[in-house]
Structure formats: structure tokens, C-alpha cells
Amino acid sequence: MASSSSSGLTFKLHPLVIVNISDHYTRVKSQMNPTLAPHNNATNNGGDGVVSSLPPPRVFGCVIGVQKGRTVEIFNSFELLYDPSTHSLDRPFLEKKQELYKKVFPHFYILGWYSTGSDAEESDMHIHKALMDINESPVYVLLNPAINHSQKDLPVSIFESELHVIDGIPQLIFVRSSYTIETVEAERISVDHVAHLKPSDGGSAATQLAANLTGIHSAIKMLHSRIKVLHHYLLAMEKGDVPCENSLLRQVSSLLRRLPAIESGKFQDDFLMEYNDTLLISYLAMLTNCSSAMNDLVDKFSTAYDRHTRRGGRTAFSECCLVLVSRCLVLDSFDALFQLCRHRFLSSSLCCLGIGY
Amino acid sequence: MDIEQRQSELIDQFVKQASAASNTSAISSVIVDATSHPLLFAFSEILALPNVLQLEATDEKFYLDLLRLFAHGIWSDYKSNADRLPQLVPDQILKLKQLTVLTLAETYKVLPYDQLMQELDVTNVRELEDFLINECMYAGIVRGKLDQLRRCFEVQFAAGRDLRPGQLGNMIQTLSDWLSTSENMLVSIQDKIKWADSMSEVDKKHRKEVEEKVDEVKKSIFKKLHTVSRPTSTSEGMRRSALNLVE
């Protein structure tokens, strides 16, 4: 059914569309589950309780966007109801939605429709033809909801319809097209946010540190696998299995020349300075915590022994001593830190803290 | 990488010209064209052609030497062998100097002005900087920063020159070193993650212990207060009992 397209149109897909389609599918699937559960237990004799005995639902909707010349850019999408009896989408609703969207986004047109599943089917052609009166060449965006961990690409494919002559009859068939992902800054931020979801009780420093390190770990792993590929290729070239490709060798040599990237003396200086500044700041935070704890202790001490002020200037004196010692400690530490740190930003923040005291 | 793309068409064109050239003078003129072309920095494809290698045996051998010089050598090589090589046109001199900068960038990342001036036969800093900016950076073969205070040129990126036969082994060695460093890095990161997790476990346990102790002490104080307060309910009695507790 799907060969590669030859219409020459370039497709640009925004991540909002993909997120919308998967959200629609997830909502429908999860809404199906509670009604399925009693069914399952009845039919499976107390079986595994997994609610995937029915085939996954297919969701349908419309995609909208802009077409400029040969470039089709798909920006947004909305959901539509599918009527299984007439095998068509809900037309009046579609038109109402189209009107509403036109008011908000005057430049967006209906470019096509979407659905979920693993491959395009014959029945989809009816829907496709029905949309042809709105847009003479609609696109069909298909999302495959099956999670395949080994697959590296997005499970999204874009189909166009082409008139091919099969057995002497001109028929419309779906042909696959390639597409690129195009993002706006807002979309990039939200996708980034979703990708970095931390566990909800991840307030503690350790889990945040672990998450950060895991990110670095996977990045280095990818770099490692790519260098391995280069390494094998060069080894094969040396042995003579692969013919010597000079331009590639030149590029690799220029890459390798950038390599001792952190060796210089200037880097060491800057790095150590920043490292020391960070340590100083955490030291300062610790000191502040300790002095506030000591302050609390002194207050509690004084309230507990308040009635004894007549009995002994001794306790009042010791209390004043404690307070003075703690204040001196804090001021001394501030002085020392001021002199030690050379970073201008750091000293200005210390200024603000000092004024607070 | 875009330099390679720009050069690939030129390389193909010159390779075709050289293989089509029938006699030695035609080949030598192709060589002269190739070495003076302002955008071409890669000569090993032309060097590999059998027509060109046949020049070894003829009188025009020095054109082959010239091509070899442009592929692997630098400006000072030319000066020392000037009698054996044909006279260079200004375009070729410029190209050879650019290639010299590339070779220097191979070995050092920070090139002092003095060394550059010596290698390129340039007398003052202004000329050197003009050469670096106009001929090297705008041509895209080198990217870097010029530091006037410390009189050096920091190279961030330099295009690759043609490889000498021995350099492939070095490159493979560097790649395997890089691989082992990144593997070690991965292992140490995993250790750090485990350390962070275990430290957080220890911290949680410690916190729980401290809270349990605080609860115990609170309970024991309440018990003592309750037992003491029954016989004497005056404020004096409370004070004395509080003192007893603290001491």
C-alpha cells in the first residue's frame, strides 16, 4: 500500500500535533478501561486482569496548518468523532470547529486528518476521499501507539494519496512521505520539560543529583558509541577492507585535533576558581544554618532560665556571652569570605546577605 | 565539514582533468592550476592518480615534488628546497602559507605570534593578523581567537590536511584513547550515582534516629512532669523540678 511519495511536497510536523494525537489516544484508551475490567474477569476466569484483550481503539481527528508553495507545515490538530455506521467523520462538528479555528488562526487551513494504528488501511480511503472536498490533496498522519523500545524513530508516518493505475483502473492509494520536525521556541520548552520529568518526591538533593548524572551518563554513552563506529571504520581502512576515503580522513583528523579540550592552564584556573566559590557558598549556608540554630537555642535557654535573672547574673551573663560569640562568628566569617572570594557576583550577593544581618 | 563539501566538486573536476591529460606538460599545467586555486586545499586524490605518479620517471619530476610539497609540506620546506622546485606564483605562495598555518595548528592549539611570524616570513604583527583574518578565517579553514595581549592565536577548529601514511596509525591510537577515557568516565559516573543514593539513605536513617530520640526524651520529660506536679502545684515547685531536670 505504501511506497515512497513522488509529489515533491516537503512536510514539516510540529511536536504539538504528535502530543495532541497521543494525548487523545491515551484519554480514550484509559476511559475504556473501567468498563472493560468486569468483562475481563468474567471471560478470563480470573485471568491476568490486563485490559488489553480488546484491540486498541482508533482515534480520529483533523490536522490544520499552513501550505506555502511546496512546503506543508502542520501546526495543530483537533479531535473528531468517527461514526462506525457510515464510516465517516462527523461533518457538521468538523465544520463548526473549522469556523472557530479560523477566527483564532486566520491563516490555518485544514490540511488533512489523523488516526492511530500500525498501518494505513483500505477503509481509511473513504475518510480521505470525504475530506477531499475541503482540501484537494489531504494528508493522513498515522501514529503507531505500540511502544517498541528498540525503534529509534518516531512512530509517526505521513501518507499522501496518489492516483495510480492498478489493473487498468486508476485508483487512489496511500503513499508514504518523509517529513521533518519543526519546533517553535514554546514547543521546544514544553517538550524539554516533559523529557526531564523528575519523580514527584524528588525534592532531595540526592535524587536531583542522580537525575543530572544520569543525563550526562546517557549523553556520554551516545558519544562513546559514535566514536566506536569511527574507530572501527578507521581500523578497517588501515587493514584495507575499505577503500581509503581521503576527505573523511581529513575530517577525522581535524576533529581529533580539537581533542585535548580541557588541558590548558587557563581552564584549570577558571575551573578551580568556580569550584572554590561554590564550596564557599555552601560553607556560608552551613554557617548561617548553624548560627540560626544557635540563636534559637540561646532564646530557649533564656526563656527557660528567665526567672533566675535575680538569682544570678551568672546565667544572664553566660547567655549574653553565647549571643555575642555567635554574632562575632558570623561577622568574622563574612569578612573572611569577602576577602577570599574574587568573584564579583558572589561578593554582591554576600553584600545583600550582610545587610540583612 | 563544509570545506570538504566545497572542495569535493573541485577535486572531482581536477581529477578528471588530470586523468584526461595525455602528456606530461598537460599534467604539469593541471598541477599548477590545482595548486593555485584559492579554494582547494586537498591534493591527495590528485596525487593518487597513476598519470600523475608516472611523472616520477620523467624530466618534469619536480612538478610531482611540488604537488607532494603542497599535500604535506610547509613554507620552510619550500625555502630550503627552492632550487629543486619550480618558481611559485603568488597564488601558490599564499596557498602554501595557508597550508603552513594548518600544519602548525595540528600540533599546537595556542600558536604564539612570534612562531607564526617566523614560519610565515612575516615581519610585523599587523600583517600577520591581516593574513590570519583575511586568508585563513574568512576562507573558513581555521576558526579561533586572536589574543593580542598575550600575542597568541588560539585555534578552535582547523581543517584537515592530506594525511601522511604514518598519521593513520596515530589517529587510530588517539581514537582508542578517547574511547577508553569515555568508558572510564561512564564507570565513574555510575559510581557517583550509587554514592549519591547511598548517602541519601544514610541521611534518612540518621534523621529518623534523631527524631526517635527527640520523641523519647519528650515522653520521659512529660512523665516526670506529671509525676512531680501532683504533690506540689506551686510555681516554686515547678521551678525546682525544672532545674532538677536540666541539671
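In the predicted model, A:Gly117 touches A:Leu142, A:Leu143, A:Asn144 and A:Pro145, residues up to four places away in sequence being left out of this list. A:Gly117 lies in the loop that joins strand 6 (109-116) to helix 3 (124-131) of chain A.

Chain B comprises 247 residues, of which 39% count as buried. Its secondary structure consists of eleven helices and three strands, and the order of these elements from the N terminus is α-α-α-α-α-α-α-β-α-α-β-β-α-α. When contacts in chain B between residues at least 6 apart in sequence are considered, 57% link residues at least 24 apart. The accessible surface of chain B amounts to about 14700 Å², and carbon and sulfur atoms account for 54% of this area.

The interface between the two chains brings 42 residues of chain B into contact with 37 residues of chain A. About 3800 Å² is buried between chain B and chain A, with 72% of that area contributed by carbon and sulfur atoms. Between these chains, the number of salt bridges is zero, while two residue pairs are in polar contact, both at pLDDT 80 or more. On the side of chain B that touches chain A, at least two residues each are supplied by helix 1 (2-20), helix 3 (44-47), helix 7 (90-107), strand 3 (152-158), helix 10 (167-229) and helix 11 (235-246) of chain B. Helix 10 of chain B makes the greatest contribution to this side, with 20 residues.

Definitions and conventions
Residues are numbered from 1 along each chain as its sequence is written. Chains are lettered from A and ligands numbered from 1 in the order in which they are written. This is a predicted model: local features need pLDDT of at least 70, side-chain atom pairs count only at pLDDT 80 or more; totals for chains, interfaces and linings use all residues. Side-chain values use heavy atoms; hydrogens and water are left out. Contact means heavy atoms within 4.5 Å. Buried area is the accessible area (1.4 Å probe) that two parts lose on being put together, summed over both. A salt bridge is a side-chain nitrogen of Lys or Arg within 4 Å of a carboxyl oxygen of Asp or Glu. A polar contact is a pair of N or O atoms within 3.5 Å; within protein, one must be able to donate a hydrogen and the other to accept it, and residues adjacent in sequence count only if both atoms are side-chain atoms. Helices (H or I, at least four residues) and strands (E, at least two) are DSSP runs, numbered from the N terminus. Buried means under 20% relative accessible area, exposed over 50%, partly exposed in between (1.4 Å probe, protein chains only). Accessible areas come from the Shrake-Rupley method with a 1.4 Å probe; for residues, only the protein chains shown count as cover.
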